[in-house]
Amino acid sequence: MKKMKPRSDGKSKLNRWGARTAAIAAITGLLVSGTVLPQKAHADYYWDLHLKAKSLDDAGNTAGAIPYWDELMRYEANKGNWENAAVYAGNIDEYYDKVAKDYENAIKYYELENEYWLKAGKDWGAGDLQRAEHLRTVTEIYVSSANAGLAKQLSEPKQGGLAKYEPESGVYLGLYSERDPKMGNYFTRSEQLYGKKHAIYLAYAPWGTKFPGGHAQNAKEAGAGLQIGWEPSEGLDAVVDGPYIREWARQAKASGIPIFLRYASEMNGAWTKWNGDPQAYIEKFRLIHDIMAEEAPNVAMVWSPGDVPRYSMDAYYPGDEYVDWVGISLYTEPYEHGDPSKPAYGQTPIERLDELYGLYADRKPIMISETAVAHYTNADGEDYTDWALLNLSRLYEVMPIKYPRLKAITYFNVDMKEKDSRNNYLLSDNDAMLSAYRSLIAGPGFLSKIEQGAKPASPLVYTKADGGAAFGTQTRIVPFVKIPDGFIGKVEYVLNGSVVGSQKKAPFYLDLNAGDVPEGSVFEVRTYGTDGNLAASKSIALSSIVSVVIDGKPLSVEQNPVIVNGNTLAPLRAIFEAMGANVDYDNDTRTATGKKGGTTVSLTIGQADVKKNGKTETLEEPAQLVNNFTMAPVRWIGEAFGGKVEWDGKTRTALITTR
């Protein structure tokens with residue numbers, strides 16, 4: 001029976017907030033006494049401002065106090081009195097958030113408060129920054145394409161090669177099932193229960209206990225690897241080289257499976273016994289790495305902090321040469337600290353990855369080592385299924401799109417009942433959650449087998465459409481939408497002013513064919529709250545491009561086909577060469593000549609007349625140079641050497657058959 005660690009609502013955060021509150025009270029007392037304001041010059045003016053603001057606030061006119069607090073905040077910031085500036089910013093953000101419901105201004109001042117606390121050398125604004133994220137309205141639009149080259153480009157590290165066991169693209173599926181009453185550690189049941197084999201299963205092992213050979217054998221029978229949370233439960237001093245660790249490592253090697261060793265995770269949280277001494281932690285992590293490299297080459301080292309507390313993880317990083325994967329623990333829950341009096345409906349799993357992803361993703365594959373979404377809160381018996389479905393889809397649909405270096409996700413499949421957060425994450429306890437999970441992981445982008453350089457059979461890559469996007473044949477559009485309320489009533493998709501789709505439940509997406517999107521189209525995503533009011537919208541320019549398929553194989557071209565006077569002009573050289581013809585181009589006469597077998601064809605830029613074996617034919621539209629590519633009517637190109645050309649208007653595709 002494994003000890004359940006506090007989740008993101010751990011005691012360290014509570015202690016920090018207690019310290020922060022006490023400090024603010026002390027600073028406020030100094031402000032009241034006037035001892036921290038300048039003694040000369042402007043002291044009387046700013047002290048009067050402070051007293052006016054206090055008087056207005058005490059009288060219940062907090063709105064009237066805001067301009068005074070703002071001026072005081074800026075004065076203190078200009079003087080470098082960061083703690084004072086933070087306190088004034090805190091007064092303002094609380095008003096805009098809790099009273100005025102002016103979330104844009106609340107975000108602004110929460111961010112300023114965090115900035116000032118950081119400049120004061122304190123992390124007390126981390127909660128303010130988190131609250132700002134809860135309130136932030138977001139609409140991001142991602143557009144898919146079946147471009148394997150782009151998928152590889154976005155997913156590969158910017159520095160170095162692929163790490164041990166890292167897939168080229170795609171995401172390994174992981175699961176912690178020991179406390180799942182229907183599955184337990186019988187990993188071969190995952191396909192039957194959850195619709196798909198998983199690549200990684202999670203086990204915990206306290207320092208001093210044997211290597212979890214039973215878990216490893218079960219993983220081997222399931223064709224999977226094992227993630228092991230190896231925890232120095234007696235503290236870092238107990239971690240020494242010797243017979244125990246050497247035998248443990250040899251047993252890991254003997255298992256014969258890929259092992260992701262998550263040694264001493266969540267080290268940045270005060271709830272762990274290995275927190276507090278970054279240098280000692282780094283020394284022990286490097287020791288474990290060196291021993292595994294010597295004894296168990298099948299072990300990949302995973303360094304895995306928690307997503308909270310903020311700004312604390314990097315001090316514990318052991319160094320690139322000692323880390324194969326970078327992981328993180330993050331949980332999505334409707335209450336802060338599991339406390340029903342502190343709702344946090346606006347949080348999502350997405351923004352909580354930003355800090356770690358920004359620090360390490362350019363050179364290390366990212367693993368969400370353990371994660372879950374609460375669908376029921378045992379503390380007060382509330383059902384949060386709709387909210388949980390929304391965040392489960394964000395976790396498994398939006399996050400792999402937004403973060404292409406995210407290469408593994410392990411779901412912590414547990415009902416916490418009376419422990420820690422008391423949240424129920426167990427998928428099999430909720431039919432809607434189970435159905436959604438099975439559907440979300442069904443796509444080829446989620447990988448069921450660990451292989452070096454693995455990739456989906458049919459990769460689908462998404463790009464963020466900030467200003468506009470273009471696609472060929474068909475696309476799936478996935479929005480990431482978030483509003484302060486946290487609960488979304490409806491998402492509408494609007495094309496050129498007409499609603500073309502609407503969804504009330506996550507996952508949110510829209511499939512479009514190229515033929516649905518005229519040239520110069522405008523696409524809009526509208527998000528409504530549960531009250532039916534429009535809460536957010538975003539528009540982008542959306543275009544479709546003409547595609548060419550030759551004998552069933554899509555043709556990749558540098559210059560996309562264009563429409564001129566109703567005729568489709570396509571790149572001549574690319575199509576001719578794909579059909580097996582040789583192509584020459586005479587720069588002096590601007591004439592392109594293609595030869596295949598006994599057939600020779602030629603055309604000149606700007607002229608409608610062309611030659612085929614010496615005979616003149618006339619094009620409906622003369623050939624043109626577009627970005628230095630020779631473009632000619634696709635039907636003539638396809639038929640020049642005896643091919644057959646058909647037009648699929650639904651997907652705007654020229655289908656060329658040569659045999």
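**A walk through the predicted model**

Seven bridges join strand S17 to strand S20 (residues 521-529), and the two run antiparallel. Strands here are DSSP runs of type E with at least two residues, helices are runs of type H or I with at least four, and both are numbered from the N terminus. Two strands pair if DSSP finds at least two bridges between them. This is a predicted model, in which local features need pLDDT of at least 70, side-chain atom pairs count only at pLDDT 80 or more, and totals for chains, interfaces and linings use all residues. Residues are numbered from 1 along each chain as its sequence is written, and side-chain values use heavy atoms, with hydrogens and water left out.

Stay with S17. The strand covers residues 488-495, and seven of its eight residues are buried. Buried means under 20% relative accessible area, exposed means over 50%, and partly exposed lies in between (1.4 Å probe, protein chains only). Val494 has Glu524 in S20 as its bridge partner. S17 also pairs with strand S18 (residues 498-503), through five bridges and again antiparallel. There, Val491 is partnered by Gln503 of S18. S17 and S18 form a hairpin with two residues between them. Asn496 sits in the turn and has a positive phi of about 55°.

Now step back to the whole chain. The protein chain has 16 helices and 34 strands. Its C-alpha trace spans about 100 × 70 × 45 Å along the principal axes. Of the 659 residues, 55% are buried. Among contacts with a separation of 6 or more, 70% come from residues 24 or more positions apart.

How confident is the model? The pLDDT is the predictor's confidence in each residue, from 0 to 100. Its mean over the protein chain is 92, and 93% of the residues reach 70 or more. Two stretches need care. Residues 1-19 stay under 50, and the model has 52 contacts for them beyond four places in sequence. Residues 32-41 are also below 50, with 15 contacts beyond near neighbours in sequence. Where pLDDT is low, the predicted coordinates should not be read in detail.

Next, the annotated region. An unreviewed UniProt entry gives the annotation "domain: GH26" to residues 103-443. UniProt positions are in the numbering used here, feature names are shortened, and annotations may be inferred rather than shown by experiment. Over residues 103-443 the chain is 33% helix and 20% strand. The end C-alpha atoms of this region are 37 Å apart.

The unreviewed entry also places the feature "active site" at Glu266 and Glu370. These positions are spread over 105 residues of sequence, yet they cluster in space, with a largest C-alpha distance of 10.8 Å. Glu266 is in the loop between strand S5 (259-263) and helix H11 (278-295). Glu370 is in strand S8 (residues 366-373).

Aromatic rings come next. Rings of Phe, Tyr and Trp (its six-membered ring) pair if their centres lie within 6.5 Å; planes under 30 degrees apart count as stacked, over 60 as edge-to-face and the rest as tilted. The count comes to 39 aromatic pairs. One of them is Tyr96 with Tyr109: the centres are 5.9 Å apart and the planes at 20°, so the pair is stacked. Tyr96 lies in helix H4 (residues 82-99) and Tyr109 in helix H5 (residues 103-119), so the pair ties together parts 13 residues apart in sequence. Both tyrosines are buried. Ring pairs also link a cluster that includes Trp207, Phe211, Trp230 and Tyr244.

Finish with an open sheet. Its five strands have the order S26-S27-S28-S29-S30, with antiparallel pairing. Strand S26 (582-586) and strand S30 (615-618) stand at the edges with a single partner strand each, so one side of each is left without a neighbour in the sheet. The twist averages 20° from one strand to the next, with axes as lines fitted to C-alpha atoms (for helices over the stretch in contact) and angles running from 0 to 180 degrees between N-to-C directions. Inside the sheet, six bridges join strand S27 (residues 591-596) to strand S28 (residues 599-604). Ala592 stands opposite Leu603 in S28. Asp586 is partly exposed, because its relative accessible area is 34%.

How values were computed. Contact = heavy atoms within 4.5 Å.
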